[in-house]
Amino acid sequence: MDAVEQTMDAEKLTQLAEQHQEPEWLIKKRVAAFQQMELLKYPKVLRFNYRNWQMASNQLDWTESNVKLVKSDLADTHLLQLGQTTISVNLPTKLADQGVILTDLFTAVNDYPELVHQYLMTQAIPTDDNYLASYHAAFLTSGIFLYVPANVEMDEPIKLEILQDSTQTSDFNTHTLIVAGENTKFSVIQQMNTVGNQDNLANALVEVIAKENSHVSISALDQLGENTRSYLQRRASVARNATVNWSIGMMNEGDTVGNFETTLSEDGAQANAKVVAITKGNQRVGINTGIKNVGKHTAGDILQRGVILDQSQLVFNGIGDIIHGAAGSESEQENRILMMSNEAHGNANPILLIDENDVLAGHAASVGQVDQTQLYYLMSRGLSQATAEHLVIRGFLGAVLTAIPSKVVRQKLISIIERKLADGHEDK
C-alpha cells in the first residue's frame, strides 16, 4: 500500500489547526496520527481487494458549503450537518437540564474539553488502529458529539443527519462520538446522504462508549452518492452488563469499505449487529462485521443479508472473536447473499476465532441465485418478473428488516430498498 503523497508536513498541519483555533491536545493528536500513517496498513477485508483505490488525500481545509437550501425530515431531538456546517440542533430543555449534550464536535472540543479529550479516538477506535483511522484523525474536519450522563433514559430517538456536500470538491472526514453513561437507555438514528455529484472521498467514523448497565440502540442509514468512495468505520466499546445494538442499512451508490466492530470489554456485555446491503451497476462493497468477546458471559450475534444486482460485487465477512478468558460467552452469526445476476460476484465468509473452551459459537453462510421455482410460481399468478423479483428480495431481507426495532427506520429502509431495486431494473 502506498501512503498519501506527503505534500503536507507536520508543521503545515499544525499551522492549519492553529488557524482553526484548536486546543493543543487536539493538534498533538492530529500530528501524531499524521506521523503514524506511513507505519500502518489498510484494514483487511478478506476476499476483497481495494488496495489500488485512492482512499485518502492530503487536504485539510474547512470549506464553507455553497448549498443554500437543505430539505430534511428531522424533528424532535436532532442535529443536522451539511459538510462542515451545523444547520440546526434541537435538544429539549428537559434533556439539557439532565446534562445531555448534543452539539457539533468542534464546539464540544472547546466547551467540554475534558469529555472529548478523554474519549475521542482513545478507547473505541485509537488513532493507530489502521491507516484510514489514522488518516481520519489527522484530517478530521467535522463531527457530532452526543453525551448522555448516568441514569438518563429517553423514549424518543435522537436523530443525526449528516449531509456530504459534493456540490464542490471537498474531502468528507466526519466523526460521531457517542458516550452513554451508567444505567442509560436511548436510541440513535443516523442518516448519511450526499448533496451534489462531484467526485469526493468520504471517511466517516462512529465511536460508541457504552458504560456499565447502559443500553444503546443505533440505526444507521447510509446513502452516500455514486461518485463518493467511502470508508465507514463504526465501533463500540461495551462495559459490564451493557448492551449495544446496531441496525445498519448500507445503501451507498459508490464503492464502499465498511468496518463495523463491537468489543464486549467486560462481563455480561451484549451486542447485536444487523446489516442489510444492496449493490448494483459496477459497484464494489466490502464489509467486515465483527464482535469480540473479552469479558466473561458476554454474548454477540451478527445477522447480515445482501442483494447483488448487475455486475456489482458484495463481500460480507462476519467475525466472531472469543479471546482466552471469556468463559461462558456466546458468538453466533449468519451471513447470506442473494445474487440477482449471472455477472454479479458475492462472498459470505463466516470467521470464528475461538480461544476458550467454555463457549457457545455457531455460524451460517450462503451465496446463491434467486430460487427460480419461487420466481416461476409468482409469475404464474400474473406478476411481472420485476414485481416477482421484488417480492423474493423482500422475503429474503425480511429476517433483518423485521428485527430492526425502530418502525420509522424499518419503513425508511424498505423505501430505500424499493427505490434501489426500481433503479436497478431501469438500468437494465
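Two residues are in contact when heavy atoms of each lie within 4.5 Å. By this criterion, among contacts in the chain between residues at least 6 apart in sequence, 82% join residues at least 24 apart. The structure is a predicted model, in which local features need pLDDT of at least 70 and side-chain atom pairs count only at pLDDT 80 or more, while totals for chains, interfaces and linings use all residues. Residues are numbered from 1 along each chain as its sequence is written, and side-chain values use heavy atoms, with hydrogens and water left out.

## Overall form

The chain contains 9 helices and 19 strands; these are DSSP runs numbered from the N terminus, helices being H or I with at least four residues and strands being E with at least two. Along its principal axes, the C-alpha trace spans about 70 × 50 × 45 Å. The radius of gyration is taken over C-alpha atoms, and the globule rule is 2.2 Å times the number of residues to the power 0.38. A compact globule of 428 residues would have a radius near 22 Å, so the value of 21 Å for the chain agrees.

Of the 428 residues, 57% are buried. A residue is called buried under 20% relative accessible area, exposed over 50% and partly exposed in between, with a 1.4 Å probe and protein chains only.

## Nonpolar cores

A nonpolar core is a set of buried Ala, Val, Leu, Ile, Met, Phe, Trp, Tyr and Cys residues joined through side-chain atoms within 4.5 Å. The largest one has 53 residues, and those with the most contacts inside it are Leu146, Phe186, Trp246, Met250 and Ile287. Strand S8 (residues 200-210) gives the most to this core, with 5 residues. Apart from this core lies another, of 49 residues, among them Tyr42, Val45, Leu60 and Val315.

Leaving aside neighbours within four places in sequence, phenylalanine 186 is in contact with residues including Leu146, Val148, Met154 and Ile158. His215, Val216 and Ser217 are also among its contacts.

## Salt bridges

Side chains of opposite charge can pair when their charged atoms come close. A salt bridge is a side-chain nitrogen of Lys or Arg within 4 Å of a carboxyl oxygen of Asp or Glu. The whole structure holds 12 of these salt bridges. Three examples are listed below.

| Aspartate 222 | Arginine 234 | 2.7 Å |

The salt bridge of aspartate 222 and arginine 234 links strand S9 (residues 215-223), which holds the aspartate, to strand S10 (residues 228-238), which holds the arginine, across 12 residues. Both aspartate 222 and arginine 234 are buried.

Aspartate 255 is buried because its relative accessible area is 13%, whereas arginine 284, at 27%, is partly exposed.

Elsewhere, salt bridges that share partners join Asp129, Arg235 and Glu261 into one network.

## Aromatic residues

Rings of Phe, Tyr and Trp (its six-membered ring) pair if their centres lie within 6.5 Å; planes under 30 degrees apart count as stacked, over 60 as edge-to-face and the rest as tilted. The structure has 8 aromatic pairs. In one of them, the rings of tyrosine 135 and phenylalanine 139 have centres 5.2 Å apart and planes at 35°, so this pair is tilted. Tyrosine 135 is buried at 1% relative accessibility, and phenylalanine 139 is buried at 0%. Phenylalanine 145 and tyrosine 147 form a stacked pair, with 6.5 Å from centre to centre and 15° between the planes. Phenylalanine 145 is buried at 0%, and tyrosine 147 is buried at 18%.

One aromatic cluster is formed by Tyr42, Phe48, Tyr50, Trp53 and Tyr131.

## Backbone angles in two loops

Most residues other than glycine have a negative phi. Asparagine 213, in the loop between S8 and S9, has a positive phi near 65°. Asparagine 241, in the loop between S10 and S11, has a positive phi near 55°. Asparagine 213 is partly exposed at 35%, as is asparagine 241 at 41%.
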